[in-house]
Amino acid sequence: MQARQEAPASAEAPERPESEAESVRTRVLRFLRGVGGLAFSLAVTLLGLLVVTFLIGRVVPVDPVLSIIGDRAPASTYDRVYRELGLDRPMVEQFWIYLKKVLSGDFGESFLTKRPILDDLRRVFPATFELATLGLILGVAIGAPMGVAAAAWKGSWVDQIIRVLCLVGYSAPIFWLGLMGLLIFYANLGWVSGPGRIGIAHEFSFQPRTGILLLDSALQGRWDVFRNVFSHIILPACILGYFSMAYICRMTRSFMLHELSQEYVTAARVKGISETRIIWRHALRNAAVPMITVVGLSYINLLEGSVLTETIFAWPGLGQYLTNSLQNADMNAVLGSTLVIGVVFVLINLVSDLLYRLLDPRVRRGS
Amino acid sequence: MTAPFEPQPFTWSGRRAWLLSEEPGSRRQARLGSFYRGWLALRENPLAMVGLAVVVGLALVAALADVIAPGNPLIGGPLRTERLLPPSAAHWMGTDDQARDIFTRVIHGARLTLQVVALVVVTATPIGLLVGTTAGYFGGWVDAVLMRITDIFLAFPRLILALAFVAALGPGIENAVIAIALTSWPQYARLARAETMTIRHSDFISAARLQGASSARILWGHVAPLCLPSVVIRVTLDMAGIILTAAGLGFLGLGAQPPEPEWGAMVATGRRFIVDQWWVAAMPGLAIFVVSLGFNLLGDGLRDALDPKAAR
Amino acid sequence: MTELLKVEDLRITFPTRQGPREAVRGVSFTLGRERLGVVGESGSGKSQTGRALMGLTPPPGVATARTLSFDGQDLRGAGKRQWRALRGRRIAMVMQDPKYSLNPVMTVGRQISEALGRVGGLSSREKRAKALAMLEAVMIRDPERVYDSYPHELSGGMGQRAMIAMMLAPDPDLLIADEPTSALDVTVRIEVLRIMDRLVSERGMGLIFISHDLKLVSQFCDRVLVMYAGRVVEELAAADLASAQHPYTRGLMRCTPDLDHDLRPLPTLRRDAEWAK
């Protein structure tokens with residue numbers, strides 16, 4: 001027998017709602033409390049992110065002063081920069097300086113590109129955004145229906161095949177998958193374009209505006225460019241998409257199995273509703289609510305995956321920028337990108353949390 | 001029902017009945033019995049058995065690397081004649097740009113992989129257990145602070161945080177292990193905390209407290225052992241992820257340094273020859289894939305066998 | 001009396017690691033347009049019997065019977081299509097807890113309209129009107145509001161009334177009520193049962209009332225089946241309950257406290273392994 005919450009004392013509930021005004025007030029209050037709690041935990045998490053990046057920055061064996069002025073500068077310059085950076089002050093004060101700088105958008109200068117980190121990040125971010133988003137769209141579009149099918153035919157050969165397909169996606173190192181993809185679809189079959197975002201011929205004739213090339217070329221009606229960009233992006237996007245498909249598919253399957261075992265599904269069967277309608281209308285609608293969180297998480301996984309794939313596809317995005325900085329011990333750039341990815345992570349969680357509240361009537365109206 | 005202390009003639013069927021008894025006579029029998037039942041369920045799952053075979057195979061290969069591949073994984077043959085040879089009877093997986101036999105390197109790489117996994121597990125599991133049980137046992141502000149810290153670590157994607165740590169600590173296999181361990185413990189802490197919360201108010205904990213046991217003693221003597229099984233299952237499920245993260249670090253040149261035969265680093269070497277000498281990158285990557293698939297299959301089967309709800 | 005349902009030798013088997021286990025072992029009964037109570041403790045197979053009558057034995061369980069006919073239709077080996085044609089329109093079921101048996105993300109109105117959609121030939125306006133009328137019939141004073149509510153916004157009693165409205169909306173011939181009130185607060189139980197009872201008799205439907213509460217069943221039913229360990233141990237008219245023969249039934253009767261007499265020590269129900277044979 002399933003566990004059951006005891007009916008509250010007010011089981012003989014009033015058949016009329018409490019007076020309209022009061023219910024509005026409680027609703028507003030509840031909403032504000034929710035938002036307040038969310039904002040507080042968001043602030044603490046962001047502060048924590050800063051502490052972690054700050055501390056990582058302090059354990060670096062690289063001398064931050066030397067990395068700015070070079071080894072040949074005189075001792076007086078060294079002292080001046082040392083004080084300018086605040087390195088002679090206590091840790092807490094240093095953190096305070098760091099905090100003020102970061103909040104004003106100053107992440108320092110890249111040792112490699114000699115430009116402010118924020119400018120660099122602004123330049124590389126759209127490429128990663130475009131790639132990860134396309135990957136996610138592919139992952140959801142294929143993964144969710146596959147998960148539903150696996151749950152609907154649980155235990156059949158369809159389920160088994162999908163299971164193996166997903167486990168392969170879980171297990172394959174994404175950088176290796178990318179290399180094999182390049183070998184097969186670019187080098188051998190010639191179905192797609194090779195590394196890079198756009199062909200050289202188009203690179204100079206085309207002025208992007210948002211930095212999201214598929215969108216830019218479509219808006220400007222440059223379909224030749226669009227085709228070229230598409231042939232570049234499709235392989236890395238498919239590989240990232242496969243990666244997130246595996247995750248989304250497995251989660252959809254398990255959420256669907258959970259929903260399909262619920263009493264309301266039996267009730268729908270009692271009503272004589274068709275199995276197709278039960279799966280797509282009743283169960284999926286309920287499974288979709290926790291899926292929001294999963295989709296958000298897999299977007300973050302995609303950002304992570306892009307670090308490994310971008311180097312392979314010479315994709316000029318955040319991942320490649322981070323990798324280059326890592327290999328050249330450009331700590332400012334590494335910590336800047338790490339922080340940005342952390343913030344994006346937190347924001348995605350926030351968005352999925354808000355969407356969750358919006359989509360689930362139980363949370364939306366409060367129960 | 002078989003009484004556990006009556007002398008019984010040893011037979012396999014008798015032993016089986018003893019293990020499957022519905023009314024175990026001792027805690028040991030109950031525990032062994034549930035273990036055996038889990039094993040029976042696992043054995044019915046062919047995919048999980050494939051996974052188990054891969055994992056056992058990995059351990060064997062790592063132990064017997066010198067017997068299976070007696071050559072030297074670090075020093076290659078003559079550069080002029082044996083460089084970048086395709087797979088053949090002499091070199092099953094071909095040779096790389098230093099004329100080293102890739103098969104030998106892959107076999108010896110199994111040791112490194114296993115070493116990384118083992119080190120991460122022995123560092124991350126105790127940290128996670130300690131933080132989780134402490135937070136769950138004391139509750140209140142201790143819980144709030146510890147869980148907030150855990151959440152902050154979870155707020156970074158795992159690989160990215162590991163990258164930042166390695167960048168700060170400097171590349172190398174030890175630092176890679178530390179970085180992966182630092183990014184793994186938060187999940188175990190969460191789990192251990194949840195488990196602790198469910199047992200914190202049990203009578204036997206109160207009894208121990210009444211006997212004057214210190215909090216530390218209760219935590220390590222009573223609470224942690226009870227949380228261990230579920231954390232161990234979680235760690236098993238996580239092993240494929242650990243392997244992939246380690247390989248990713250190696251691929252980016254931040255893990256094991258050349259000439260160590262680390263699989264991820266080997267794939268990175270092969271990148272330069274991907275079009276003409278595909279085997280240099282393909283073979284070590286295949287090894288990563290097979291091993292992580294093995295761990296995933298096993299973990300998946302374990303979850304199904306041990307959690308009847310998920311198996312439905 | 002016309003025979004609506006005839007069950008002979010119904011068996012429900014579940015495979016376990018120790019071999020197949022029968023949850024229901026040879027249950028037989030017939031039902032006209034009357035109210036039949038099925039009583040037994042949890043695990044006696046009464047709920048599984050109810051589900052098997054709708055072809056909803058949860059896999060991997062298997063239900064078999066020598067005869068299983070509804071209104072002259074043989075249901076043994078009925079396909080999905082045949083079952084679907086019956087469910088909702090001819091046989092309906094009210095389940096235990098509205099908190100779980102109503103879809104949490106669909107408004108009550110839509111769930112009732114969906115049940116009405118199985119009748120066919122109704123426009124969405126007609127469906128709405130009919131659903132509102134049904135809600136009114138289960139004594140909901142503000143049907144418009146409940147129509148647009150989500151299940152969690154209703155109390156248990158209201159939810160169960162909505163459930164009854166939903167299941168009775170397509171006007172079935174047989175209603176199976178599986179512990180329809182045991183999840184409800186004691187104060188609303190009788191009220192909900194009265195509503196259900198009135199609708200069932202007004203429409204001349206058959207009712208199978210599954211419960212563990214012998215007293216309650218005897219109040220609302222014409223006949224009672226007492227089940228124990230997957231078997232029917234006794235079948236008798238509700239009025240004859242006082243003269244029950246089987247020790248299990250008598251035991252169940254004795255377990256109910258009585259206001260007029262002091263029962264101390266409280267009697268316990270003694271089970272006999274013989275009964276399960």
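Me: Which strand of chain C pairs with strand 1 (residues 5-16) over 10 bridges, and in which sense?
Reply: Before that, a word on the basis: this is a predicted model, where local features need pLDDT of at least 70, side-chain atom pairs count only at pLDDT 80 or more, and totals for chains, interfaces and linings use all residues. Residues are numbered from 1 along each chain as its sequence is written, chains are lettered from A and ligands numbered from 1 in the order in which they are written, and side-chain values use heavy atoms, with hydrogens and water left out. Strands here are DSSP runs of E with at least two residues, helices are runs of H or I with at least four, and both are numbered from the N terminus; two strands pair if DSSP finds at least two bridges between them. Over its 10 bridges, strand 1 of chain C pairs in the antiparallel sense with strand 2 (residues 19-31) of chain C.

Me: Which residue is the bridge partner of C:Leu10 in strand 2 of chain C?
Reply: Strand 1 and strand 2 of chain C are joined by a hairpin through 2 residues. Within that pairing, the residue of strand 2 that partners C:Leu10 is C:Val27.

Me: What stands opposite C:Val7 in strand 5 of chain C?
Reply: Strand 1 of chain C also pairs with strand 5 (residues 67-70) of chain C, antiparallel over 4 bridges. Strand 4 (residues 62-64) of chain C joins strand 1 as well, with 3 antiparallel bridges, and there C:Ile12 has C:Ala63 as its partner. Back in strand 5 of chain C, the residue opposite C:Val7 is C:Leu68.

Me: How many residues of strand 3 (residues 35-39) of chain C are buried?
Reply: Buried means under 20% relative accessible area, exposed means over 50%, and partly exposed is in between (1.4 Å probe, protein chains only). Strand 3 of chain C is mostly covered by that rule, and of its 5 residues the buried ones number 4.

Me: And which residue of strand 10 of chain C is the bridge partner of C:Leu36?
Reply: Strand 3 of chain C runs parallel to strand 9 (residues 206-211) of chain C, with 5 bridges, and C:Val39 stands opposite C:Ser211 there. It's also parallel to strand 10 (residues 223-228) of chain C, where 4 bridges join the two. In strand 10, C:Leu36 is partnered by C:Arg223.

Me: How many salt bridges does a search of the whole structure find?
Reply: Side chains of opposite charge can pair when their charged atoms come close. Here a salt bridge needs a side-chain nitrogen of Lys or Arg within 4 Å of a carboxyl oxygen of Asp or Glu. One network of them links C:Asp9, C:Arg11, C:Glu22 and C:Arg66. Over all chains, the search finds 36.

Me: How far apart in sequence are the parts that C:Glu179 and C:Lys46 tie together?
Reply: The side chains of C:Glu179 and C:Lys46 meet in a salt bridge of 3.4 Å, N to O. C:Glu179 lies in the loop between strand 8 (174-178) and helix 8 (186-202) of chain C while C:Lys46 lies in helix 1 (residues 46-52) of chain C, so the pair ties together parts separated by 133 residues.

Me: Is C:Arg161 buried or exposed, and what is its relative accessible area?
Reply: C:Arg161 forms a salt bridge with C:Glu191, with the closest N and O atoms 3.3 Å apart. C:Glu191 counts as partly exposed at 33% relative accessibility. C:Arg161, though, is buried, with a relative accessible area of 3%.

Me: What area is buried between chain A and chain B?
Reply: Taking contact as heavy atoms within 4.5 Å, 48 residues of chain A touch 43 residues of chain B. Buried area is the accessible area (1.4 Å probe) that two parts lose on being put together, summed over both. Carbon and sulfur atoms give 76% of it here, and the total is about 4,000 Å².

Me: Which residue of chain A meets B:Asp300 in a salt bridge?
Reply: Between chain A and chain B the count is 2 salt bridges. In one of them, at 2.7 Å from N to O, B:Asp300 meets A:Arg163.
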